[in-house]
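Subject: Structure handover

Hi,

Here is the structure you will be working with. My notes come after it.

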Amino acid sequence: MTEIFLIRHGETAWNAEKRLQGHLDIPLNAEGERQAAALARALADEKFDAIISSDLGRARSTAQAVATALGMPLSTDPALRERCFGAFEGLLYEELEARFPEAHAQWRARDPHARYPDGERRAETFAEFAQRAVDAVIRIAEAHRGQRIALFSHGGVLDCVYRAAHGMDISAPRNFDVLNAAINHLRWDGETLQVLRWSDNAHLTAALDELGN
């Protein structure tokens, strides 16, 4: 068995204002930095054999807080990146319909094979992204067979991994949370992913209580 702690990065300003980030490298905001620090305290007594992050700064900064607390090295893997949304990147959700009405309708419908207009980079279809995301997590789990690993990634990656573990179609509406800096604990047995704990963010509330907020 490989134990996987799969964690979404802390909050960014673009998360807060509902602006699509994709492959754009947006840093944590003050709240995201607080979340990363609280997460590091929550995981300070855990034992990991490896800590691996997406190479985008928001995930890497969140992972670095934990790696520093544990005195461990941090490595990065670009396959853990968020989905590339092409020309959608940098736009507020409310701007998408006006700018790209047809592509926005496909996005809302969760069309797995729709490719949005190109921006700085070529957009990934949902199907391509889901394949990349799940393959990356399984590949890393296989490379660390029998170990405990912490992976730091993005909301879209967590969405795809949760669906893979539960046999959910990627086009089905999301009926589960994907929270910033929450703890998601899974197990890989060599054939299937199993969710043991999902979207546990009690450490973030506890940190606020400690600060008197």
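Below is what I found, by topic.

Please keep in mind that this is a predicted model.

Pocket. The largest pocket holds about 890 Å³ of space. Its lining counts 31 residues. R8, L20, Y93, G156 and R174 lie nearest the centre. Helix 1 (13–16), helix 5 (101–108), helix 6 (126–143) and helix 7 (155–166) each give two or more residues to that lining. Helix 7 has the largest share, with 4 residues. By class, the lining splits into 11 nonpolar, 9 polar and 11 charged residues.

Salt bridges. The count is 15. One network links R110, D159, R163 and R174. R174 is also among the residues nearest the centre of the largest pocket.

- R145 and E142: 2.6 Å. R145 is partly exposed at 47% relative accessible area, and E142 is partly exposed at 33%.
- R132 and E124: 2.8 Å. E124 is buried, because its relative accessible area is 13% and the cut-off for buried is under 20%.
- R121 and E120: 3.6 Å. E120 is exposed at 70%, while R121 is partly exposed at 27%.

Hairpin. Strand 5 (residues 183–188) and strand 6 (residues 193–200) run antiparallel and are joined by 5 bridges. I183 has D200 as its bridge partner in strand 6. The two strands form a hairpin with 4 residues between them. In the turn, G190 has a positive phi of about 100°.

Best wishes

Technical notes
Residues numbered from 1 in each chain as written. Predicted model: local features only at pLDDT ≥ 70, side-chain atom pairs only at ≥ 80, totals over all residues. Heavy atoms only, no water. Pairing = 2+ DSSP bridges. 1 Å grid on protein atoms, 1.4 Å probe; cavity = no way out; pocket = protein on both sides within 12 Å on 5 of 7 lines; lining within 4 Å. Points joined across faces, edges and corners; volume = space filled by probe spheres on them. Nonpolar A, V, L, I, M, F, W, Y, C, P; charged D, E, K, R; others polar. Salt bridge = Lys/Arg side-chain N within 4 Å of Asp/Glu carboxyl O. Buried < 20%, exposed > 50% of the residue type's maximum accessible area, 1.4 Å probe, protein only.
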